[in-house]
Amino acid sequence: MKVMKFGGTSVGSVKSILSLKEIVEAEAGRGPVVVVVSALNGITDKLIATSELAKNGDSHYREEFEAMVTRHHQMIDAIIQDDKKRIDLFNNVDQLFDQLRSIYYGVFLIHDLSEKTQDTIISYGERLSSHIVAAMIKNGMRMNSRDFIRTENKEGKHVLDTELTNKLVKEAFATFQSNNTNASKTVAVVPGFIARDRDSHETTNLGRGGSDYTAAIIAAALDAEILEIWTDVDGFMTADPKVIKTAYTINELSYVEAMELCNFGAKVIYPPTIYPVCVKNIPIKVKNTFNPEHPGTLIKATIDNDQKPIKGISSIKGTSLITVTGLSMVGVIGVNRRIFTTLANKGISVFMVSQASSENSTSIGVRDEDAEAAAEVLNAEFAKEIETGAMFPMQVESGLATIAIVGENMKQTPGIAGKLFGTLGRSGISVIACAQGASETNISFVVDGKFLRKSLNVLHDSFFLSEYKVLNIFICGIGTVGGMLLEQIRTQQQFLMQSRRLKLNVVGISDVDNFVLDRDGIDLDNYEKILRAGFKADTDHMREEIIKMNIFNSVFVDCTASKQIATLYQTFLEHNISVVAANKIAASSDYDSYVKLRQTARDRGVWFRYETNVGAGLPIIGTINDLCNSGDKILKIEAILSGTLNFIFNEIAADVPFSETVRRAKEQRYSEPDPRIDLSGTDVIRKLVILTREAGYKVEQDDVEKHLFVPDSYFEGSIDDFWKRLPELDADFEARRKVLEAGNKRWRFVATMEADEQNPSSFKTSVALKEVPYGHPFYGLEGSNNIVLLTTERYKEYPMLIQGYGAGAAVTAAGVFANIMSIANI
Ligand code: ADP
Ligand code: ASP
Ligand code: MG
């Protein structure tokens, strides 16, 4: 015999309830079936909310009530075609609604809602749904669970009277079972959740989500071959799929693992459900009503060939931590016994305990709603000790969350706890308390509630529970480089997901007008439209929102040239968000800020990368880092670092005056938006400063000697003035160019860093327009290319030479992309 439980969503819509019908009728052809149903989804909540309205004398309760009536009526109309059956069912259902209407009216009149009345009200959800399902299913026979599920009152809580219930279930189903062996193919339809008090006979229930429990109780009492939990997901998953997008279905779980995951909040099965069937060794199958072909999850005693140390992660929101402390608790026998007895007597369940080895502090995890009562009874229990000062009053910390990672194989795998806490630390999440049971099937810990989602995500990712790794990316600036980067990400997304198991999730995009954030990822085919509908651009607002998102494995990519955006890096790094900058301002700003950024990244276990600050996609910074890390010493850097200036001095000719070359550089997007940044040497100085710093020298922009070729006055005033005045320089340039050409030389704007041979810690930096003779490596440098000559202790006689495109959207974006990939670390 099978017991099949269908949850709220499975009976919640016409589509799902018809799917239920098909599933159950197919099963009924094979043998006897008990179907346990929940209320239509959302109805229990609605019943409660409506009773609150009635209690408060709010006459809107009537509309809410009538909406529930309409929902049930519409469902019946849609699913029952047979006229007689439908009329009978309407009669049954309306009778229930008439009773319920009267109860609500009573509550409304007297403004009183006792627990007894509330329990009665919420029982109607399952009573209604079970009538509907019984009428819909071929050979369906409704059975009343209040006849056989009995509870008793313990400390004001309804708990199952197991013995009596077992006996009553067996009796109630005796004829059903024997009928079925006579092949009558009857399907017993039972309302889940509801019960009756064994003494007062009042209507009670098994607690929210309790229909699963009803099904397990019946399965155990009747020795069912299997208990099937039909719900709205493909099975028991590695984590709650509503929080973790990459969660996936676990094929098999042991009872112990399932119990631990459920105890720590995996809502897919109500925690008390597992015990009764586990004792009887009845397997549980979790299946999806909306996707019945999916094999689902099988829960049983032991799993063969189980390799994975961690099976799943679950969490409980609304945790409070009560800390019992005192100086004289050390070695005192019986403190723990008193704590737990006191709480148990009050009916408060404790789901986590963590004790310092010095024994003078014990932290207890309880639900937020129990915290106040728990503190009160504990303060009363230890009143004497508190009065004498031996112990302190209970400390209560609320708004926390408990997370558990679960797996029976954890005990055979060393290093799990280390990895767990390391991963959390790198993500900036501090652990408030933790506990690991001696059985070692779970490690549970408490974090601030605001870190819950992030913790779940980083752990899911780092324990390779996910099928792929996720890197969350914010892209700031979608001009030439940023726009190209987005395009490159868009075209590579599929490939990286399939062959590298990396999901590049663009969670934020901004430009000068707007910004948009979406933790589920922005559709890159459509981002411009999405961006226009986003927030108005505001750096402070954007910073706040990004930090508030508190998203795991994330990187902020700056493709702007903005000073304001560069000021955000420090805060982002402090919040464990890596930074990739195409923007050179931060790395070339004052030395102390540069050092602080790098240090913060190191301290936080995140990255600050800016390879494209010099030479676009060329591996210059990385190479200098590698040389220095391996013990080499950079003695001299000579470089052409401005693609724009090189372009200009390659373009200049008898028929192409200087001013025209500048215009072309701007038009062809080699130059900065404002070409004066190139002509003033500022851009080259920034790059030289960065390279010099990477080589291990402390330098500021002002330290760099400048030998420029455009008079200073051109850099004052407006950009329009500048363009107007520029042709004034053409004649002089042409005269000098002729001489240069005759000498077979070329102009190159060279950046130089040279250490003093005698005293290698002192050095000089300069930028200058130089005349380079034929034969020099810089002479033939084409177009906008860059070149860097590195003279080091190891590369002395023949310096290392790096050369190639030093500007351009595609190569720069690719360099930024490479930095992003290095952070993904796959
Ligand atoms: P039902 O109404 O069928 O009883 P529930 O809403 O009680 O359904 O339980 C199913 C929900 O449990 C899923 O939609 C999912 O969001 C949530 N859930 C939480 N943790 C898990 C998990 N580890 N695996 C699957 N579902 C989970
Ligand atoms: N309808 C009840 C609830 O919403 C019981 C259940 O669905 O399992 O809690
Ligand atoms: Mg449920």
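Modeller: In this predicted model, strand 20, which covers residues 502–510, is joined to strand 21 by three bridges, and the two strands run antiparallel. Within this pair, glycine 508 stands opposite leucine 517 of strand 21. Strands of a sheet pair through backbone hydrogen bonds, in either a parallel or an antiparallel manner. The sheet to which both strands belong is open and has seven strands, in the order 22-21-20-19-23-24-25, with mixed pairing. Strand 22 (535–536) and strand 25 (608–609) stand at its edges with a single partner strand each, so one side of each is left without a neighbour in the sheet.

Helix 26 supplies the largest share, three residues. In total 49 residues line the pocket, and those nearest its centre are Cys559, Thr560, Ala561, Glu672 and Pro673. By class, the lining divides into 19 nonpolar, 19 polar and 11 charged residues.

The two ligands complete the picture. Ligand 1 is surrounded by 16 residues, of which Thr231, Asp232, Met237, Asp240 and Lys267 are the closest. An N or O atom in the side chain of threonine 231 is 2.7 Å from an oxygen atom of ligand 1, while for the side chain of lysine 242 the corresponding distance to an oxygen atom of the ligand is 3.0 Å. The backbone takes part as well, with an N or O atom of valine 268 lying 3.5 Å from an oxygen atom of ligand 1. Of the 570 Å² that ligand 1 exposes when taken alone, the protein buries 90%. The shell around ligand 1 has seven nonpolar, four polar and five charged residues.

Around ligand 2 are Ser38, Thr44, Glu126, Phe193, Arg208, Gly209, Gly210 and Ser211, and by class they make up one nonpolar, five polar and two charged residues. A polar side-chain atom of threonine 44 lies 2.7 Å from a nitrogen atom of ligand 2, whereas the side chain of serine 38 has an N or O atom 3.0 Å from an oxygen atom of the ligand. From serine 211, a backbone N or O atom lies 3.0 Å from an oxygen atom of ligand 2. The protein covers 86% of the 260 Å² of accessible area that ligand 2 has on its own.

Conventions:
Residues numbered from 1 in each chain as written. Chains lettered and ligands numbered in written order. Predicted model: local features only at pLDDT ≥ 70, side-chain atom pairs only at ≥ 80, totals over all residues. Heavy atoms only, no water. 1 Å grid on protein atoms, 1.4 Å probe; cavity = no way out; pocket = protein on both sides within 12 Å on 5 of 7 lines; lining within 4 Å. Helix = DSSP H or I, 4+ residues; strand = E, 2+ residues; numbered from the N terminus. Nonpolar A, V, L, I, M, F, W, Y, C, P; charged D, E, K, R; others polar. Near = heavy atom within 4 Å. Polar contact = N/O pair within 3.5 Å; in protein donor to acceptor, adjacent residues only side chain to side chain. Areas by Shrake-Rupley, 256 points an atom, 1.4 Å probe, with all protein chains shown as cover. Pairing = 2+ DSSP bridges.
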